[in-house]
Amino acid sequence: RSRTMKVLNSEELGTVETALESYFPQSLKVYGYIFAINRNKPHTLDVLVDSWPDFKTVICRPDSKNERSADFLNKVTVFSKEAEGLRSVLAEHSAVDWSACFMVGGLDVNYATVLKEAAAYRGIRIKLLTVEHLMRLQDPSHLPDLKIDSDMAARISSLNESHVGLVNQAWKFGGGEQSFRLINKMISCFPSCCITDDGGSPISWVLLYDYCALGMLYTAPEHRGKGYAKILVSTIARRLHAQGYPVYCFIEEENELSYRLFKGLGFTEAPDYRTSWYELNY
């Protein structure tokens, strides 16, 4: 008894972007995808709602009619105003292709049981990959005033497509073709920031995912301990804020170092909010 969900058109996506601002931080990841789509960033997604105009649940999923969807990891992202709304969507709607292997990322941990029940009902395997903090910078004036000398200022720039391989090798989930394509898209279409060595090669960098979250922050081992991460995050955060982007990131619960870094830069979290990443049908 599958009910169909409504795929949103560009005008409706504008309406949803505004509506989701009232549900931060829970809605931030779905908001980030929609924010990017509404600013003409290339994408391979469908955005669906359970009802219109008064929706309870929004799902971003690969557009099966777009042949480029297969180039990227099969990721599904969900925002729901309530567990019941999500439960009925996962039980009744054909919102998700349950026959494929897919990942659900940035899911409110309070909804984990709903997802597990839906998987169990269909006899599908599910495993928890990670639990993460969502940190956001609501006010860039909270960023520390870093003294950057002219030599350092000259070494701060953006990544370009010739750096995709370098970033792909350094990223702990990288090294493959799908990650190469994702990083290529991130560098080509979204803001990034790097610090280069004297020869102009990046030695420290931060990127923006296609859902507008900061990520892939990395400094080459021999250049660590010099405060590069602080400089990069502060620089890109100010730039993003000036361009109207949300400024946020996900940090794995066990990554104490990154958590302290972002907290020290004025990023905050809702104390009782965590997100989880699951792999299904693997």
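Modeller: The charged end of lysine 81 is placed over the ring of phenylalanine 55, at 4.5 Å from the ring centre. A charge sits over a ring here if NZ of Lys or CZ of Arg is within 6 Å of the ring centre and within 35 degrees of the ring normal. Lysine 41 likewise lies over the face of phenylalanine 190, 5.2 Å from the centre of that ring.

This is a predicted model, in which local features need pLDDT of at least 70 and side-chain atom pairs count only at pLDDT 80 or more, while totals for chains, interfaces and linings use all residues. Residues are numbered from 1 along each chain as its sequence is written, and side-chain values use heavy atoms, with hydrogens and water left out.

Rings of Phe, Tyr and Trp (its six-membered ring) pair if their centres lie within 6.5 Å; planes under 30 degrees apart are stacked, over 60 edge-to-face, and the rest tilted. Helices (H or I, at least four residues) and strands (E, at least two) are DSSP runs, numbered from the N terminus. Tyrosine 23 is partly exposed, at 31% relative accessible area, whereas phenylalanine 79 is buried, at 3%. Buried means under 20% relative accessible area, exposed over 50%, and partly exposed in between (1.4 Å probe, protein chains only).

Another pair joins phenylalanine 250 and tryptophan 277, whose ring centres are 4.9 Å apart with planes at 80 degrees, so the pair is edge-to-face. Phenylalanine 250 belongs to strand S11 (residues 248-252) and tryptophan 277 to strand S12 (residues 275-280), 27 residues apart. Phenylalanine 250 is buried, with a relative accessible area of 13%, and tryptophan 277 is buried too, at 11%. Ring pairs tie Phe250 and Trp277 into a cluster with Tyr33, Trp171, Phe173, Tyr209, Tyr211 and Tyr248.

As for annotation, an unreviewed UniProt entry places the feature "domain: N-acetyltransferase" at residues 141-282; such positions are given in the numbering used here, feature names are shortened, and annotations may be inferred rather than shown by experiment. Over residues 141-282 the chain is 35% helix and 21% strand, and the end C-alpha atoms are 44 Å apart.
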